[in-house]
Amino acid sequence: MIELKNVYFSYGDKPVLKDVSFTVQDSEAIVIMGPSGSGKSTVLRLILGLECPQQGDVLVDHRSVCRISPPELREIRKKIGMVFQDGALFDSLTVGENVGYYLIEHTKLKWREIEERARTMLGFVGLDADELIDKLPDQLSGGMRRRVAIGRALLSTDPKIMLYDEPTTGLDPYATRNILNLINKLHTERSISSIVVTHQIADAFAVADRFVVISRGQVVFDGTLKELRQSRDEQVVAFLAPFRSSMEGVVKRKFIEEPE
Ligand SMILES: Nc1ncnc2c1ncn2[C@@H]1O[C@H](COP(=O)(O)OP(=O)(O)OP(=O)(O)O)[C@@H](O)[C@H]1O
Ligand SMILES: [Mg+2]
């Protein structure tokens, strides 16, 4: 469904990705890990067609996102929900307006109807609609904002693919667990493929079927948790060294228990 083929990408003359290839199948959940600055967010921008590779190709549903017409790109983007690192909500709009933003902008639905859908969506992402729908984003906690952003992505596009950039950064264990459970719920209940970029190794284990590790512009690992544990690649070993002890005995958990 998503394929990066020998992607070379640079901002100006600074190469970020040198020869990156990997695929994400329908309904698969992968995690992209790698050191800061290794190009993880850039990969998400390439999948959305916000940037184009100088060499190689990025395919979504077998179509090259940089070689199709603007209407075709819009069609593709409708299948993709993106949750940016900071939640990227509109500060001057209420929670309800944020969640219903796409419907307000792109449909002729009456506000009453949009509000009803926004309420249902807020419930789906685990928020109390009555309490929050008229609040402004800066009255919410970081975890709530992240959930509003996920709700907005879901109501905007009915996505087949969700991209999450560092979805739990800065959240406490309780909010982290909620977000990870929500990511897993979307994946299992709606068969949405997910690509999660994260620095948090425990989060990676909680949501991923497969792991892609990017370092120095290249994919240095692509495989399952078992294969990750067994990898002898120098860069993978170095990257995972701080987490070795927490990797033992881990299996993918569909739902994560309460933190102690
Ligand atoms: N718009 C831009 N213009 C120029 N350079 C950029 C731009 N965006 C990112 N970069 C550079 O490209 C490299 C990769 O950035 P990217 O944001 O993809 O890394 P990342 O792996 O997501 O890092 P982090 O883990 O810190 O979020 C970095 O060196 C960054 O400084
Ligand atoms: Mg990033």
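Is Arg 216 buried or exposed? Keep that question in mind as we go through these views of a predicted model.

**Figure 1. Arg 216 sits in a loop between two strands.** Here is the reply to our opening question: with a relative accessible area of 64%, Arg 216 is exposed, because exposed means over 50%. The loop that holds Arg 216 runs between β9 (residues 210-215) and β10 (residues 218-223). Look at the backbone here too. Most residues other than glycine have a negative phi. Arg 216 has a positive phi, near 50°.

Figure 2. You will find His 62 between β4 (residues 55-60) and β5 (residues 63-64). Is His 62 buried or exposed? Its relative accessible area is 73%, so His 62 counts as exposed.

**Figure 3. Gly 126 lies in a loop between two helices.** On one side of this loop is α5 (residues 111-124), and on the other is α6 (residues 129-132). Gly 126 has a relative accessibility of 47%, which lies between the 20% and 50% cut-offs, so it counts as partly exposed.

**Figure 4. Pro 167 is a buried loop residue.** Pro 167 belongs to the loop between β7 (residues 161-165) and α8. Its relative accessible area is 3%, and because buried means under 20%, Pro 167 counts as buried. Which residues is Pro 167 in contact with, leaving aside its neighbours within four places in sequence? They are Arg 146, Ile 179, Ile 183, Val 196 and Val 197. Asp 203 is 36 residues away from Pro 167 along the chain, with 9.4 Å between their C-alpha atoms.

**Figure 5. Leu 180 is part of helix α8.** This helix covers residues 173-190. Leu 180 has a relative accessibility of 4%, so it counts as buried. The C-alpha atoms of Leu 180 and Pro 167 are separated by 8.3 Å, and the two residues are 13 apart along the chain.

**Figure 6. Met 33 belongs to the largest nonpolar core.** This core has 50 residues, and those with the most contacts inside it are Met 33, Ile 150, Leu 154, Phe 211 and Leu 228. Beyond its neighbours within four places in sequence, Met 33 is in contact with several residues, including Lys 40, Thr 198, Ile 201, Phe 211, Leu 228 and Phe 239. Apart from this core lies another, of 30 residues, with Val 20, Val 58, Leu 163 and Ile 214 among them.

**Figure 7. Stepping back, the protein contains 12 helices and 10 strands.** Its radius of gyration is 19 Å, close to the 18 Å that the globule rule gives for 260 residues, so the protein is as compact as a globular protein of that length. Along its principal axes, the C-alpha trace spans about 55 × 50 × 30 Å. Buried residues make up 50% of the 260 residues. The protein exposes about 12600 Å², and carbon and sulfur atoms supply 49% of that area. Among its side chains, 34 are positive and 37 are negative, and the centres of these two sets lie 3 Å apart.

Note on methods:
Residues numbered from 1 in each chain as written. Chains lettered and ligands numbered in written order. Predicted model: local features only at pLDDT ≥ 70, side-chain atom pairs only at ≥ 80, totals over all residues. Heavy atoms only, no water. Core = buried A, V, L, I, M, F, W, Y, C linked by side-chain atoms within 4.5 Å. Buried < 20%, exposed > 50% of the residue type's maximum accessible area, 1.4 Å probe, protein only. Contact = heavy atoms within 4.5 Å. Helix = DSSP H or I, 4+ residues; strand = E, 2+ residues; numbered from the N terminus. Rg over C-alpha atoms; globule rule 2.2 N^0.38 Å. Areas by Shrake-Rupley, 256 points an atom, 1.4 Å probe, with all protein chains shown as cover. Lys, Arg positive; Asp, Glu negative; His and termini not counted. Charge placed at Lys NZ, Arg CZ, Asp CG, Glu CD.
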